Each structure stands twice: as structure tokens, then as C-alpha cells.
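Have a look at the model first, then follow along.

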Amino acid sequence: MLAPYAFLLLAFGLLPLFMAVAEVPGPSLINPDGGWDAFRIVVQDFRFPIALKNVGGFMLYFIPMMMITVIVMALMLDVKTTKWGRYLRLAYIVPASVSGAVAVLVWWAIFEPTISPIKPVLNFFGIDSARQIWQTENLTYLIAIMAFFALAGNWILIQYGSLQNISSEIIEAARVDGCSAFQLAVKIKLPLIQKYVVYMAVLVFAGGLQIFVEPQLLNTGVYVGIASSWSFDQLSYELAFKAGDFGGASALSIILLIPSLIGALIVIFKTDMFDVKTNADKESD
Amino acid sequence: MKTIFNTSKKKKLLAQESRVGMFFVNSWLIFFALVSLIPMAWLLLAPSKTDEGVVNNAPLSF
């Protein structure tokens, strides 16, 4: 029964973690003597605080934008089921169905005033040159927008699905008691999908912390050098494949694992997301 | 008379969605769908144009 899960945990969780831990003390050009100093060296790397500032700023935009929009959209979709609902849900999932590299191309075109389909909107805000947008200091929110549209559609549908699990008897009882649509959404539905919201928050946090594709493609394919070592994952990639410092890259990966692991433990132990209830438990409830 | 009063009150209690509220909800849902679809429409149409056409023609033309 547990074998498939145990295999996945071993193959994609514990084994890579064990390999990373084993790699950290290895000697490299940056850490010639090897040892656990790799953690100290990587944290003291001049690019580390820059990546921390970039990723922190990105997450400051990305996480609230993602959480608020997704929850509001899912609740709005659930207000009234019409024949158009399915087409709207399809529209939301389309941007999420393209790969990260294509999403970067699309959003580069959107923010490129010469070819953008929203050229009039950009011109309205006085933007008529790509240089006004594609600046290193603007990357925080440009990447937040790219990442948002790459993920939002999937999460809207997942949260909409979680809303469909709410018993119709509860909704009906609330309606009979005079709940408005807003009260129903905020006081009944939202608390009932709370564990899914926490689950989403943890995954969005972990995904945001590991942002890589968008800055890396912008840096190597669109405007070379605009986002060099912009994120932690890029720094880890550059340590490993440009500096040959696999120990430092592994140390950074382990540092990144810690907040995500804490989030996962919160979901497991502080919510009932993964509670397995037997029939006897359900009857005793 | 009492029965009529009670019925109308109950109807009011059961009235869940205001027209204005639903207008804003539907408007936002449609707006978000357009924001999601316009970039994808550009992506679909851009390969049908020449390099010059991508720059000079209307973005959503083909």
C-alpha cells in the first residue's frame, strides 16, 4: 500500500537530499580544503544577499497576488454556475498550460512596446520603448507577473475543485439563514477550504523561493546579463556549472530546502489535509 | 396579511445575489479571461506573420 509513495519519497526526496549532503564537504576551487565551511562560504558569497533581496522582493509581490487572486477568482466562479463557467475555466487554464520558456517569450512580447498586443495601454502609461520596462530594478514585478500567469490558472481550478467538495446541505442551510453571496463566500466557504488554502500557500512559497526559469531565460536569451545570479536557484546553478563548486551549490540547495520543509511540516501536522480517517473514526465523529 | 408579510421577508432572506454584485463578479471573470487569452492569441497568431509583419501589423492580425 505504501510502496509507491515510499519509492517516490526515496527516489525524489531522500536520495537527492542524501547526495546533496554527501556533496557539501567535497573540495572545490572556492572551498579547496572542503568540509562543512561550504555553508558559511555560500552565505558569505557577495551574490547571496543580492539574490535574497531579489527573491524576497519577488515573493512580496508574487505570494499575495497569487493567494488573493486565486481565492477570489475561485469563490467568484463558485457564486453562480452558468453554461459560460466551463469556458471561463478553460480560458484561465490556457496560460498555465504553456511551458515556462514559452511563457517568458509571451510576456516579453506583451511588455515589448513595438510588438505588444497591449501597445495602446503601454502608450497610455507613457511607455514606448522597451528600455523603460526591461530594467534590472523592474525585474521583481515583471517576473512576479510572469510566474503569476504561469501558475494562477491551475490553482484557480484546484481551489474551484475544493469548493465543489463543500456539502450542498451546508450551502443550502446558510442560504435559508439569509447569507448573502459575500457572506457565504467569506464566512462559510472560505473556512471550509482553509486547509487547501494553507496547502497552496506552502507550495506557492516553495515555488517562489525556487524561481529559476524566468530570470534565467531573460538573462541568457532576451537581455544578456539583465538577471545574472538573480535568484537562489540561478546562484546555485552558477556555482555548480560555472564555478565547478558542487559543494557550495549543494549547501545552497539544502539551505533552500529548510523553509519549504518547515512549510510542509506545518501542512502535515497543523492541518487535517493528510489525515486518514477510517470508517470507524468517521462514525465516532 | 401576516402570511404575505412572512413570505416576502423569506423571499428577501433567500435573495442571495444582488444584480450589481453579479455584474461586478461577471465583469471581473470576463476581464481576467481576456487578460489570460490575449497573450495566448498573440502567441498563436505571431507565427503566421513575417518579422516585419510582427512589428508593423496589428498585434492580433494574421
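**A loop serine in chain A**

I started with A:Ser229, which sits in the loop between helix H11 (213-222) and helix H12 (232-241) of chain A. Helices here are DSSP runs of H or I with at least four residues, strands are runs of E with at least two, and both are numbered from the N terminus. I looked up phi of A:Ser229 and found a value near 50 degrees, which is positive in a residue other than glycine. Is A:Ser229 buried or exposed? A:Ser229 counts as buried because 21 C-beta neighbours lie inside 10 Å. The cut-offs I used are 20 or more other C-beta atoms within 10 Å for buried, 12 or fewer for exposed, and partly exposed in between, with C-beta atoms placed from the backbone.

**Ground rules**

I note that this is a predicted model, where local features need pLDDT of at least 70 and side-chain atom pairs count only at pLDDT 80 or more, while totals for chains, interfaces and linings use all residues. Residues are numbered from 1 along each chain as its sequence is written, and chains are lettered from A and ligands numbered from 1 in the order in which they are written.

**Chain A overall**

I found 14 helices and zero strands in chain A. Its C-alpha trace spans about 70 × 60 × 25 Å along the principal axes. Of the 285 residues in chain A, 30% are buried. I also checked the contacts in chain A with a separation of 6 or more: 70% of them join residues 24 or more positions apart. A contact means that two C-beta atoms, placed from the backbone, lie within 7 Å.

Next I looked at the largest nonpolar core, which has 61 residues. Such a core is a set of buried Ala, Val, Leu, Ile, Met, Phe, Trp, Tyr and Cys residues joined through C-beta atoms within 7 Å. Which residues touch the most other members of this core? They are A:Met146 and A:Ala147. Beyond its neighbours within four places in sequence, A:Met146 is in contact with A:Ala103, A:Val104, A:Trp107 and A:Glu214.

I then went to A:Phe274, in the loop between helix H13 (246-270) and helix H14 (279-284) of chain A. A:Phe274 is exposed, because it has 10 other C-beta atoms within 10 Å.

**Chain B and where it meets chain A**

Chain B has three helices and zero strands. I noted that 8% of its 62 residues count as buried. How many residues of chain B are in contact with chain A? I find 22, against 23 residues of chain A. On that side of chain B, helix H1 (2-14), H2 and helix H3 (51-56) each supply at least two residues. H2(B) gives the most, with 14 residues. By class, this side of chain B has 18 nonpolar, three polar and one charged. Here Ala, Val, Leu, Ile, Met, Phe, Trp, Tyr, Cys and Pro are nonpolar, Asp, Glu, Lys and Arg are charged, and the others, Gly among them, are polar.

My last stop was helix H4 (residues 85-96) of chain A, which packs on helix H2 (residues 19-45) of chain B at an angle of about 40 degrees, with axes 8 Å apart. Axes are lines fitted to C-alpha atoms, for helices over the stretch in contact, and angles run from 0 to 180 degrees between N-to-C directions.
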